[in-house]
Amino acid sequence: MTGVNNIIIVGVGGQGTILASRILAEVAIAGGYQVKISEIHGMSQRGGSVMTQLRFADEVFSPVIEPAMADIMLSFEMLEALRALPYLKAGGKLIVSNQELMPMPVITGVAKYPTDIAERLLSVVPDGQIVDALTLAKTAGTVKAANVVLLGMLSNLLNFDQNFWLEAIRKCVKPKTVDINLKAFALGRG
Amino acid sequence: MTTQLMTGNEAVARACYEAGVKLVSSYPGTPSTEITENVAKYDEVYAEWAPNEKVALEVAIGASIIGARSLAAMKHVGLNVAADPLFTIAYGGVNGGLVVVSADDPGMHSSQNEQDNRLMGRAAGVPVLEPSHSAEALEFTKTAFSLSERFDMPFIIRLTTRTAHASSLVSLSERQEKPLIPYKKNEKKFVMMPAHARPRHLDLEERLASFMAYVEGCGLNRIEWRDKKIGVICSGAVYNYVKEALPCASILKIGVSYPLPARMFKEFAAGVRKLYVIEELEPMMEQFACSLGIKCQGKELFSKAGEIMPWDIAAKIGGKEQAPLSIPADIPARPPVMCAGCPHRGLFYLLGKHKLVVSGDIGCYTLACSPPLSAMDTTICMGASIGVAHGMEKAAGGDISKHTVAVLGESTFLHSGMTGLLNVVYNQSKVTTIILDNSITAMTGHQHNPASGKNAKGQPAPAVNFEQLCRAIGVQKVLVADPYDLTATEAALQECLDFDGPAVLITRRPCALLVKELPAAPLVVDNKNCTGCKACLKLGCPALGINAEGKAFIEQSQCVRCGLCAEVCRFDAITKGAAQ
């Protein structure tokens, strides 16, 4: 690989974007790369939109990713994928969990949750993958492992040894949940 | 050598471990909180949550005077609270190395202002070191401890959100134990009464002058010569962005943001054809350059407000066009909200229902300002709610106290609300103060506090008794209510508002995120009874919604079965289902 690899992970606060970025970072480090991650904690934890940006290359300076420069976007929620779509570069790859979480303006009736998100995503990214990550995670043992299901899918787009992924999962998740997460990864990788 | 991916905050914590630090005392605040959380994991370092930043710094000062290396970490506004000891210990100096971390928040990701605390260092006469990434966060913090001892001065490590919360690789070393530096009584150094403070101020100026001489030649600042057509002076996170956006430019990378190196500024300015100073927030380096007669461009290109991003630099100096980020207008915003089952929700529902003027405060509950609750009138700073309500009553008079309340969380009350309540009693207003007691500092990620029954290391600790505390201050009406019980809470609220004197209502319920066991029976909507009136939606609960048939529905994956929606439904359409 040459140049900087830019990956953004988006979702709703509490969905596990930060853990996913940590696992991915460990994989890239095992692959011999320099890694930088930028994330924002705080208010955004309380159910707001969240974005984690991860960059890896032989040398990385800025931890933040420029709009329209992300190579890959991993989204844990449909609306958040649509919101962050302008960050993806032309020809970039897209993996989205088909989960839909209603934001407060939709709940209170002042805004509508778009009904055509899948079409709009695929019109921009024809080979985008929209997946029922929650069901796969449930099969693995808990819906909480949806983030690792998505990492399993991501692993097919990145050229890293599978063992790097398994080792990174073992290192980053709680010891009690290692088996479930390894299963979730395998289900996502297919 | 072991390397590890770390946030800037984790790296500062690691530096405390490696530098032989004995004590860390802090108050949580984004983006500084994880420093102390991570220090608490090292058995070799004593770590504590103090009730506020002023106490935290005083504790660290005590440790320094007795001869230990010590640190206090806080967010930028926390340094305002700790400014009193900071400005004076600058005169006194240190014994063991003393470091204050100020984690600033340009762009206000999680803050009420974006003050630039490099200026606090300058105002106090305290040197400020500014790392650009995690490896430097570790290295600069360790350096700050040894420089603190060498120059007899406290040091500030200034992080910003993008250095505190960005991760990069760090090389780890072993801990070097630092035995206590022997303590000798020295009242001329540490008793800052006027007769001692006057010579100590002159002494501080001498110490600063000798540190300034050191700064010129030290490795913390460096010039990176590349193409000399463009030169950029920058520091902290912005340095990374300049490297990204202008790979050919020469750079004067500033690691010591106060005091700045005059000789290096002049040498660098003389070596480049066009000079820029790129800094977030205040034009501190730019004004320093101007004071030296150096021609440069800075704030005429970059705003004093908010963050600077690499693509701003590429556009404004590199001439690279940047299409604005356009998010389609029909995408609904997703603001942060109170969690499903948040114990604060019921209270704010009642405050809104009674159309009270709500003098609010800093914490998760500040989210009650947003629709649909829309139940907050003011939020200024930690602990301000009580003083603001008192001032409103004293100025407006009449029966304003009948429809005004001050609301703050228990951690915020302990931080700086107690003195406000004392003022209410002493100066005899009739403010009703509501203490939201969820037994944890929740907004910053669940840190323990003097009310939670545990300390920073998770060990058992005494928990303050708010009822006794408020009565001791002189409040005669002190009531406690469970905010899940709207009827009881409403009655208690009314009793406090009607009381002819200061009153305190404590709404007590643990944070919903910390409750592991849910009630057995889920809440279900009976579509026969639901009229679609949407009264339940006024709670602003993320687990509630309206389905395509216009009936309420409950998202079971989010619901924690608090039962508030059943309480506000006038048609008995929300009931307990079969136990699971």
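How many residues does the contact take from chain A and from chain B? It takes 40 residues from chain A and 42 residues from chain B, with two residues counted as in contact if their C-beta atoms, placed from the backbone, lie within 7 Å. This is a predicted model, where local features need pLDDT of at least 70, side-chain atom pairs count only at pLDDT 80 or more, and totals for chains, interfaces and linings use all residues. Residues are numbered from 1 along each chain as its sequence is written, while chains are lettered from A and ligands numbered from 1 in the order in which they are written.

On the side of chain A that touches chain B, the elements giving two or more residues are helix H1 (17-30), strand S2 (34-38), helix H2 (78-84) and helix H3 (104-107) of chain A. Helices (H or I, at least four residues) and strands (E, at least two) are DSSP runs, numbered from the N terminus. S2(A) gives the largest share of that side, five residues. By type, the side splits into 24 nonpolar, eleven polar and five charged residues; Ala, Val, Leu, Ile, Met, Phe, Trp, Tyr, Cys and Pro count as nonpolar, Asp, Glu, Lys and Arg as charged, and the others, Gly among them, as polar. S2(A) also pairs with strand S8 (residues 166-171) of chain B, in the antiparallel sense over two bridges, pairing being called if DSSP finds at least two bridges between two strands. Here Ser38(A) has Ala166(B) as its bridge partner in S8(B).

Chain B holds an open sheet of four strands, in the order S9-S11-S10-S13 and with mixed pairing. Its edge strands, S9 (222-224) and S13 (274-277) of chain B, each pair on one side only. Strand S10 (residues 227-235) of chain B runs parallel to S13(B), the two pairing over four bridges, and Gly231(B) stands opposite Leu275(B) in S13(B).

Back in chain A, the axes of H1(A) and helix H7 (residues 162-172) come within 9 Å and cross at roughly 135°. That makes H1(A) oblique to H7(A). Axes are lines fitted to C-alpha atoms, for helices over the stretch in contact, and angles run from 0 to 180 degrees between N-to-C directions; under 35 degrees is roughly parallel, over 145 roughly antiparallel, 65 to 115 roughly perpendicular, and the rest oblique. Among the residues that meet are Leu19(A) and Ile23(A) from H1(A), and Phe164(A) and Trp165(A) from H7(A). The contact of these helices comprises nine nonpolar, no polar and four charged residues.
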